[in-house]
Amino acid sequence: MISLLPPMERIFEHFKFLIFSIVLILTFNTTIGAEKLSPELWRTEYHILKTTESNYLSNLHSMEWIPFHGSLALGFEHQNVLVRVSYLGETNMWEQNALYLENPVAYVDSITVFQWEGGKLIATQDGDIHPKRKSIFSQHPYPLFSLNVNSIKQNKEFFILYNSLSNLFISPEIYDEETILSEVFGVRDLFFIYFGIILIVFILNAVLFGLTRNSSFLYYMLYVFTSFLYQLSFTGYAKIFLWPNAGKWNDQSMVFFGSIALVSVALFSIRFLVLQKRIPVVYQWIRILIYLILTNAVFSLFIRSIWNDPIVHILGIITSLTLFGSGIYLLLKKLEIARFYVLAWTILLISILCFNFYALGILSDSIIFRHAIQLGTMAEMLLFQFAIVDRLMKPKEESIVKVERESKQNSRNQRIASLNQEDLIYQINHILSEEKLFCDEDLNVNRLSTILGIRSDQTSALLNERLGVSFTQLLSKYRIEEACKILKEDPSKNILTVAFAVGFNTKSAFYESFQKIVGKTPTEYKKSLNS
């Protein structure tokens, strides 16, 4: 373990510098969002079409129109929504040569824009189920239409038909030639940084997994990779670069990859927090949730239903709150490694609330609130990364240095003279042998002292005086004995699996301790069992 710390420290320092630089760039980028045309000059109204209104284009002016401002979130309802956009200003002095209409979310099945040309309504379509058009900024992820300026000058209105099996979010934004460039390039730069960060995090975890063989990094790599695929679908870039003509698959891919990402973060949390040992009831509950999420994910691949998306959202909320609550519980139990984990979930949940408040019109439109989900997941990924590295970098024997310094002034006997030593030694043996707390890889002298109700320096002194070992030596002894027991019962068991099961978090630390105590490497020991 000691031999791995210097390169890990360098990686961690470079990583912190990189994150600081990215945050500065991202903060600057969020201040340069495009200015839309004055909303006071445009009125938006909507009408939810009934199944009997098949001939709606001939009854546009007799419909009951409901006004709305900014955005309109209608939730998970499979329905056709017709929007009327009217220009309220004078057109005789109008200087606009070109106008563009954007709906700033990618997950809409179909958007049809109707404009008057020659006394008839001409339709233009975009959305998930339509092939990506090759014009009007073809690499822009959101549905984007060119508006006929002459048509608006003459009729002062146009219509938009929305249809989606996903969460229907309606927010027609109108730009002129100059501001559409700012919008397109601003979105491009934001997602370039966003996906760049995800790629860097993935590579970093691959390096750290190669150095430590710690399965936390492996589960986290799976989470980062599936989140990458989910966000590609969510933001619309998957349709541009991966499956431009895949039609309904783009909507299905959101449900599928979102589900797998959710399962991945649950598996990572189980491993990182060691929930199977620390909170067994929660561990079993999360396993049930994982099975339900996977069932819905597989179902979504074959049958496209209105229920797929809301089900994964509901299960996602339950799972997220369960994991968040587990982190808080363990943090209150003095498990310090849970601090970054809890902070990560806190920021993500805040970002989800911000996006929903924006969608409901409670928060004003801004590039930060519009992309709150992406910003929140990015922050969550970075904080999870800090949590893993913090866990490995955190000294296991912080208080031993203090004990050694104090030994010049106070003898061990003085520190433990007032203690019931026999009872404490019994408690230590019981905790380690009966409760097998040594299998918890985050067990340290501070935590054991908290359980015993004494100071950490007293625990170290007690072990030295009564048992003649340090805390690390005692812990290694119990762990290696348990490892030998497991290998005897099942010699075919994978060595690395055994190492993690008994509380080691790196392969090198396990091999070093095993050879020191047993006199053989784990591989040699396994061979001796078979001979």
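**Exercises: a sheet and a pocket**

Strand 5 (residues 99–102) and strand 11 run antiparallel and are joined by 4 bridges. The model is predicted.

**Exercise 1.** Work out the order of the strands in the open sheet, and find which strands stand at its edges.

*Solution.* 
- Step 1. Recall the general rule: strands of a sheet pair through backbone hydrogen bonds, either parallel or antiparallel.
- Step 2. L101 has I174 in strand 11 as its bridge partner.
- Step 3. Write the order. The sheet has 3 strands, in the order 8-5-11, and the pairing is antiparallel.
- Step 4. On average, and with direction ignored, neighbouring strands are turned by 30 degrees against each other.

**Exercise 2.** Identify the strands that helix 3 touches, and state its angle to strand 11.

*Solution.* 
- Step 1. Locate the helix. Helix 3 covers residues 177–212 and packs on the sheet.
- Step 2. List the contacts. Helix 3 touches strand 5, strand 8 and strand 11.
- Step 3. Compare directions. Helix 3 makes about 115 degrees with strand 11.

**Exercise 3.** Describe the largest pocket and its lining.

*Solution.* 
- Step 1. Start with the space. The largest pocket holds about 1000 Å³.
- Step 2. Find the centre. Of the 36 lining residues, Y230, H313, I317, I352 and I373 are the closest to it.
- Step 3. Name the top contributor. Helix 10 gives the most to the lining, with 9 residues.
- Step 4. Sort the lining by type. There are 24 nonpolar, 10 polar and 2 charged residues.

Terms used
Residues numbered from 1 in each chain as written. Predicted model: local features only at pLDDT ≥ 70, side-chain atom pairs only at ≥ 80, totals over all residues. Heavy atoms only, no water. 1 Å grid on protein atoms, 1.4 Å probe; cavity = no way out; pocket = protein on both sides within 12 Å on 5 of 7 lines; lining within 4 Å. Points joined across faces, edges and corners; volume = space filled by probe spheres on them. Helix = DSSP H or I, 4+ residues; strand = E, 2+ residues; numbered from the N terminus. Nonpolar A, V, L, I, M, F, W, Y, C, P; charged D, E, K, R; others polar. Pairing = 2+ DSSP bridges. Axes fitted to C-alpha atoms, helices over the stretch in contact; angles between N-to-C directions. Contact = heavy atoms within 4.5 Å.
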